Amino acid sequence: MTGSQSVTMDRAGRIVVPKSLRDQLGFSAGDPLRAVVRDGHLEIEPAPIRTKLVEHDGVFVITPIDDQPVLTQDDVRVILESVRR
């Protein structure tokens, strides 16, 4: 899955990610993103989920620090279908 489109930075330094690229990446309005410079390129990626280790009955479980959206059965189905292709 690849995509390329020309974009322009406005005077405030903002860049609009075209809808077709947002759709391809699964980005939605309000998603936390991280901008990184790698090898002279600007990369925009989903922000990592902050986690902590919590012990439950002698077993350590990775738990998100911040609230995360609840996945519905439809969300899980779409994710499974996308990775099975």
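The protein carries 11 positive and 13 negative side chains, and the centres of these two sets are 6 Å apart. The model is a predicted one.

The secondary structure consists of two helices and four strands. Read from the N terminus on, the order of elements is α-β-β-β-β-α. The radius of gyration is 17 Å, well over the 12 Å that the globule rule gives for 85 residues, so the protein is more spread out than a compact globule. Taken along the principal axes, the box filled by the C-alpha atoms is roughly 55 × 30 × 25 Å.

Of the 85 residues, 6% count as buried, that is, with under 20% relative accessible area. Among contacts with a separation of 6 or more, residues 24 or more positions apart account for 0%.

Strand β1 covers residues 33–38 and strand β2 covers residues 41–46; the two pair in the antiparallel sense, over six bridges. Within this pairing, Val 36 stands opposite Glu 43 in β2. β1 and β2 form a hairpin, and two residues lie between them. Asp 39, in the turn, has a positive phi of about 50°.

Definitions and conventions: Residues are numbered from 1 along each chain as its sequence is written. This is a predicted model: local features need pLDDT of at least 70, side-chain atom pairs count only at pLDDT 80 or more; totals for chains, interfaces and linings use all residues. Side-chain values use heavy atoms; hydrogens and water are left out. Two strands pair if DSSP finds at least two bridges between them. The radius of gyration is taken over C-alpha atoms; the globule rule is 2.2 Å times the number of residues to the power 0.38. Buried means under 20% relative accessible area, exposed over 50%, partly exposed in between (1.4 Å probe, protein chains only). Contact means heavy atoms within 4.5 Å. Lys and Arg count as positive and Asp and Glu as negative; His and the chain ends are not counted. The place of a charge is taken as NZ of Lys, CZ of Arg, CG of Asp or CD of Glu.
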